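The sequence and model are shown first.

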Amino acid sequence: MSAEEAWYDDAAGPLVRSYMATGGRTHAKRYDLDLITLVVAVDPDAHAPLVEPDHADVLRICTYPSSVAEVAAKLDLPLGVTKVLISDLIERNFIIFRSSWQPAAPDMDMMQRVLNGIRNL
Amino acid sequence: MVGTVSEIDPLRTEEVITETSVGVDNLTGVEQKTTTTVAMDFGRITINPDLILYLFGTPGQDRFWFMWDELSQGAIGAIVLADTRRLDNCFAALDFFERRGIPFVVGVNCFNGAQLYNVTEVRNALAVDRRVPMLLCDARERDSTKQLLIALVEHVMSDTRHASR
């Protein structure tokens with residue numbers, strides 16, 4: 001088995017990159033980040049040079065508000081790892097986030113707007 | 001299906017999970033850990049600047065239930081796609097949403113326009129409650145996906161109206 005093959009698990013894909021990006025951390029519990037939490041970079045141009053390449057990529061993607069899921073998909077990194085990167089940047093106040101608002105019961109007005117929007121597709 | 005209505009090309013987000021299994025051919029019975037990535041399709045529809053609809057698509061087998069857990073929090077509801085060639089593949093998803101009382105509709109996926117069953121037959125085969133909307137669909141067609149989404153939102157609104165009486 002070559003050195004390259006050893007680092008590639010057929011089912012899991014490349015394993016090395018995730019660990020390199022976060023120093024082995026795969027889960028972040030510091031902030032309440034779910035799939036649709038919106039994140040946006042405070043000043044990506046100023047902050048990108050101050051951080052590691054993977055973190056800089058996150059800042060670049062977050063120039064406009066994006067959901068955590070979108071960031072993970074664009075970075076092509078697992079969700080857990082993406083949340084760690086985002087958490088690191090939140091800690092340094094380079095990224096701010098807004099939790100998705102979840103009402104107790106479905107909001108009829110909003111649902112009607114969603115319905116109209118889908119019909120107009 | 002996500003791709004037919006999403007304004008962006010479906011993105012894939014992945015989660016690395018560790019599965020513990022006991023190998024059938026493992027004589028010592030020692031548990032083996034395997035790592036797999038679970039992929040989920042992700043799409044978006046911007047209704048207007050302050051209202052965005054996110055769509056998440058996952059495989060239907062029950063080992064992916066943990067994804068449904070996180071996805072269904074705050075979700076309007078779910079669309080369960082039934083493949084008439086493998087109806088049992090959606091049992092786990094149907095169980096999951098029924099047990100948690102999460103609103104859902106069922107799309108009976110017809111491949112190549114071939115309608116092998118009618119909705120009543122599938123409803124009986126899947127033991128789905130009559131009040132749950134079930135539609136024939138083609139997951140590759142944008143208009144078909146639209147109809148499923150509309151059915152879901154109308155179903156949720158109707159349930160909400162009944163509940164508030």
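## A parallel sheet in chain B

In this predicted model, strands of chain B form an open sheet of 3 strands in the order β4-β5-β6, with parallel pairing. β4 (78-83) and β6 (134-137) of chain B each have a single partner strand and stand at the edges, so one side of each lacks a neighbour in the sheet. From one strand to the next the twist averages 30°.

Strand β5 (residues 104-109) of chain B runs parallel to β6(B) and is joined to it by 4 bridges. Within this sheet, V108(B) is placed opposite L136(B) of β6(B). Helix α4 (residues 119-126) of chain B lies across β4, β5 and β6 of that chain, and runs at about 120° to β6(B).

## G57 of chain B

Strand β3 (residues 51-57) of chain B contains G57(B). Is G57(B) buried or exposed? G57(B) has 20 other C-beta atoms within 10 Å, which means that it counts as buried, the cut-off being 20 or more.

Apart from neighbours within four places in sequence, the contacts of G57(B) are M1(B), V2(B), M40(B) and D41(B). A39(B) is 18 residues from G57(B) in sequence, with a C-alpha to C-alpha distance of 8.9 Å.

## Chain A in outline

Chain A has 7 helices and 5 strands, arranged along the sequence as α-β-β-α-β-α-α-β-α-α-β-α. Of its 121 residues, 29% are buried. Among contacts in chain A with a separation of 6 or more, 66% join residues 24 or more positions apart.

## Strand β3 of chain A and its partners

Strand β3 (residues 38-41) of chain A pairs with strand β4 (residues 66-67) of chain A in the antiparallel sense, over 2 bridges. L38(A) has S67(A) in β4(A) as its bridge partner. β3(A) also runs antiparallel to strand β5 (residues 95-98) of chain A, with 4 bridges between them, and V39(A) is opposite F97(A) in β5(A).

In a regular strand, side chains alternate between the two faces of the sheet. In β3(A), V39(A) and A41(A) make up the covered face, while L38(A) and V40(A) make up the uncovered one.

Helix α5 (residues 68-75) of chain A is mostly covered, with 6 of its 8 residues buried. The buried residues in α5(A) are V68(A), A69(A), E70(A), V71(A), A72(A) and A73(A).

α5(A) packs against helix α6 (residues 79-91) of chain A at an angle of about 110°, and the two axes are 9 Å apart. This angle makes α5(A) roughly perpendicular to α6(A). On the α5(A) side V68(A), V71(A), A72(A) and L75(A) take part, meeting L79(A), T82(A), K83(A) and I86(A) of α6(A). The contact of α5(A) with α6(A) comprises 6 nonpolar, 1 polar and 1 charged residues.

## The nonpolar core

In soluble globular proteins, nonpolar side chains tend to be buried together. Here the largest nonpolar core has 55 residues, and the members touching the most others are V68(A), I86(A), V80(B), V105(B) and L152(B).

Which residues does V105(B) touch, if those up to four places away in sequence are not counted? V105(B) touches I79(B), V132(B), P133(B), M134(B), L148(B), A151(B), L152(B) and H155(B).

Definitions and conventions:
Residues numbered from 1 in each chain as written. Chains lettered and ligands numbered in written order. Predicted model: local features only at pLDDT ≥ 70, side-chain atom pairs only at ≥ 80, totals over all residues. Buried ≥ 20, exposed ≤ 12 C-beta atoms within 10 Å, placed from the backbone. Contact = placed C-beta atoms within 7 Å. Core = buried A, V, L, I, M, F, W, Y, C linked by C-beta atoms within 7 Å. Pairing = 2+ DSSP bridges. Axes fitted to C-alpha atoms, helices over the stretch in contact; angles between N-to-C directions. Parallel < 35°, antiparallel > 145°, perpendicular 65-115°, else oblique. Nonpolar A, V, L, I, M, F, W, Y, C, P; charged D, E, K, R; others polar.
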